[in-house]
Amino acid sequence: MNVSNLIKETNKQIEQKKKDFAEDIFKGLTQSPKRISSKYFYDDIGSELFQKITTHPDYYPTKTEYEILQDMKDKLPNSLSKDKIDIIELGVGDGHKTNLIIQGFLDANTNVNFYPIDISSKAMTLLEGSIPKHKNLNIHGIVSEYLDGLNYLKNQSENQKIVLFLGSNIGNFNQIESISFLNTLRNQLNINDYALIGFDLKKDTSILNKAYNDSSGYTELFNINLLNRINVELDGNFDLSKFQHYGFYNPILGAMESYLLSKEKQQVQINKISSTISFDYLEPIHLEYSFKFLPSDISYLSKNSGYNVVKNFTDSKNYFTDSLWKAV
Ligand SMILES: C[S@@+](CC[C@H](N)C(=O)[O-])C[C@H]1O[C@@H](n2cnc3c(N)ncnc32)[C@H](O)[C@@H]1O
């Protein structure tokens with residue numbers, strides 16, 4: 001097995017990333033309501049905390065999707081290329097679910113090129129622990145934003161492709177953003193290429209609320225770590241004990257929403273953006289949407305972005321669907 005990092009970041013790119021982070025934090029914390037993009041959760045500490053969330057008994061999505069992929073992994077190679085396949089994954093995380101799909105193809109004697117794309121370099125380290133070496137498997141990691149990575153791959157990948165977008169990462173986008181994202185993805189694919197997309201389904205709100213407010217407090221730590229990241233990378237002085245996590249299901253949006261609330265009226269200094277940010281009592285910072293889906297939403301999204309649904313794979317409790325789409 002050959003593991004390589006296709007995009008080696010230059011010092012200029014690393015500097016640009018730092019600049020983008022500073023600019024986004026300045027913009028996000030000086031607007032009303034305040035907000036920070038969820039893509040900034042995943043520094044090294046955030047990626048490790050997310051791994052802890054995924055194994056917590058209160059957090060159903062990861063284990064449910066694992067159950068689905070375990071059931072379907074041997075069926076995929078029958079629909080796709082028997083000889084060679086390029087598997088591209090957007091936001092791979094630790095890759096332990098992806099390993100099931102990869103093993104399904106390897107068991108069918110298919111040669112696999114795996115291109116994991118993730119904004120977090122920590123993800124690339126974590127997935128080395130999840131995916132065993134195999135003579136028919138090459139891994140080419142790409143540390144980048146989803147679309148930059150896809151764009152880079154446009155001229156690299158010549159075999160039939162399947163793009164994985166697991167874990168209901170799609171739920172971070174609203175419907176308009178999803179259609180635009182899926183269309184952009186479609187434009188990178190050929191007819192005969194596939195996408196496998198994980199959708200977290202609408203369900204009893206008590207199950208949703210429990211999953212996003214786990215009893216060990218990992219979700220709270222994960223969210224508050226963003227303030228720690230600002231302290232470390234932008235020389236801020238957030239007192240982490242003065243913020244609390246607040247996550248709830250918003251039935252009007254059909255989404256879980258995550259906020260940090262300021263426990264008191266306070267001011268925070270962030271030196272590298274030359275700013276003093278004022279917070280009122282209980283003032284929120286919006287961090288994340290996690291939209292939930294009905295089966296009809298899945299067909300609507302596929303139809304409006306250039307795919308046919310080949311099959312929906314769902315778990316025994318109807319909590320989650322991995323939907324296999326073919327580019328048309
Ligand atoms: C919720 S985790 C899901 C990980 C994995 N797909 C799973 O199902 O367990 C989201 C992953 O996507 C990555 N990610 C988030 N936003 C991203 C972006 N805009 N571009 C690339 N990767 C991103 C994060 O670093 C993280 O590893």
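Two strands are said to pair if DSSP finds at least two bridges between them. In this predicted model, an open sheet of 4 strands can be described on that basis, with mixed pairing and the strand order 2-12-9-8. Strand 2 (34–35) and strand 8 (243–250) stand at the edges of the sheet, and because each has a single partner strand, one side of each is left without a neighbour there.

Strands of a sheet pair through backbone hydrogen bonds, either parallel or antiparallel. Strand 8 and strand 9 (residues 255–262) take the antiparallel sense, and their pairing extends over 8 bridges; within it, F248 has E257 of strand 9 as its bridge partner. Helix 10 (residues 218–234) lies across strand 8, strand 9 and strand 12, and runs at about 120° to strand 8.

The chain as a whole is divided into two domains, domain 1 (32–45 + 52–57 + 205–291) and domain 2 (59–202 + 294–327). Their centres, taken over C-alpha atoms, are separated by 28 Å, and the contact between them takes 15 residues from domain 1 and 12 residues from domain 2.

On the side of domain 1 that touches domain 2, at least two residues are supplied by each of the following elements.

| Element | Residues |
|---|---|
| Helix 2 | 44–54 |
| Helix 9 | 205–211 |
| Strand 12 | 284–291 |

Strand 12 gives the largest share of this side, namely 4 residues, and strand 12 also has a place in the sheet order 2-12-9-8. By residue type, the side of domain 1 that touches domain 2 divides into 6 nonpolar, 5 polar and 4 charged residues.

Conventions: Residues are numbered from 1 along each chain as its sequence is written. This is a predicted model: local features need pLDDT of at least 70, side-chain atom pairs count only at pLDDT 80 or more; totals for chains, interfaces and linings use all residues. Domain bounds come from an automatic or database domain assignment. Two residues are in contact if their C-beta atoms, placed from the backbone, lie within 7 Å. Ala, Val, Leu, Ile, Met, Phe, Trp, Tyr, Cys and Pro count as nonpolar, Asp, Glu, Lys and Arg as charged, and the others, Gly among them, as polar. Axes are lines fitted to C-alpha atoms, for helices over the stretch in contact, and angles run from 0 to 180 degrees between N-to-C directions.
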